[in-house]
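Work through the exercises below with the model open. Try each task before reading its solution.

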Amino acid sequence: MCHIDDLYTQAIYGLISPEIQPFPAEPGAYGISCDKINDLPAEITFAFTDEHGKTFELTIPTIELNVGPFASNQSICQTLINASDFGEIVGGSLLKHWYSVWDIGNQRIGFAPNGY
């Protein structure tokens, strides 16, 4: 059975390379042969809308696509977007390039480049 979030993740990876595939040993994780991952021409940009309706984009550089090899298969490297039951997970690959300020009470988040 394929969850809707899996379909979104597969669609994103389909735009990058058909060789990025689910990694069966770790549900929700995707990977590609480690000898091919560094040649992928992929830059991923996420667009957010601020409280005034202005769009703000955060870009993940190509090098961040490679999370590193899977422990159970060192020839396959994990890619940065994982599918889960509640959405796609990007995490540190995006946030390490930005300072982030979380305002839980007002349900908002702020970003600023950190020069990483």
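The exercises cover salt bridges, a core and a strand.

This is a predicted model in which local features need pLDDT of at least 70, side-chain atom pairs count only at pLDDT 80 or more, and totals for chains, interfaces and linings use all residues. Residues are numbered from 1 along each chain as its sequence is written, and side-chain values use heavy atoms, with hydrogens and water left out.

**Exercise 1.** Find how many salt bridges the structure holds, and trace the network that salt bridges with shared partners form.

Solution. 
- Apply the criterion: a side-chain nitrogen of Lys or Arg within 4 Å of a carboxyl oxygen of Asp or Glu.
- Take Lys36 and Glu19: their closest N and O atoms are 2.6 Å apart. Lys36 sits in helix 2 (residues 34-37) and Glu19 in the loop between helix 1 and strand 1 (21-22), so this pair ties together parts 17 residues apart in sequence. Helices (H or I, at least four residues) and strands (E, at least two) are DSSP runs, numbered from the N terminus.
- Next, Glu51 pairs with Arg108 at 3.1 Å between the closest N and O atoms. Glu51 is in the loop between strand 3 (44-49) and strand 4 (55-60), Arg108 in strand 10 (residues 108-113); they are 57 residues apart.
- Asp103 also meets Arg108, at 2.9 Å, N to O. Shared partners join Glu51, Asp103 and Arg108 into one network.
- Check accessibility (buried under 20% relative accessible area, exposed over 50%, partly exposed in between; 1.4 Å probe, protein chains only). Glu51 is exposed at 60%. Arg108 is partly exposed at 43%, and Asp103 is partly exposed at 23%.

**Exercise 2.** Decide whether Thr79 is buried or exposed, and list what it touches.

Solution. 
- Count contacts (heavy atoms within 4.5 Å). Not counting residues up to four places away in sequence, Thr79 touches Tyr13, Ile20, Tyr30, Gly31, Ile32, Ile37, Leu65 and Val67.

**Exercise 3.** Name the residues that touch the most other members of the largest nonpolar core.

Solution. 
- A nonpolar core is a set of buried Ala, Val, Leu, Ile, Met, Phe, Trp, Tyr and Cys residues joined through side-chain atoms within 4.5 Å.
- Of its 15 residues, Tyr13, Ile16, Ile20, Leu40, Ile44, Leu65 and Leu80 touch the most other members.
- Helix 1 (4-16) and strand 2 (30-33) each supply at least two residues of this core.
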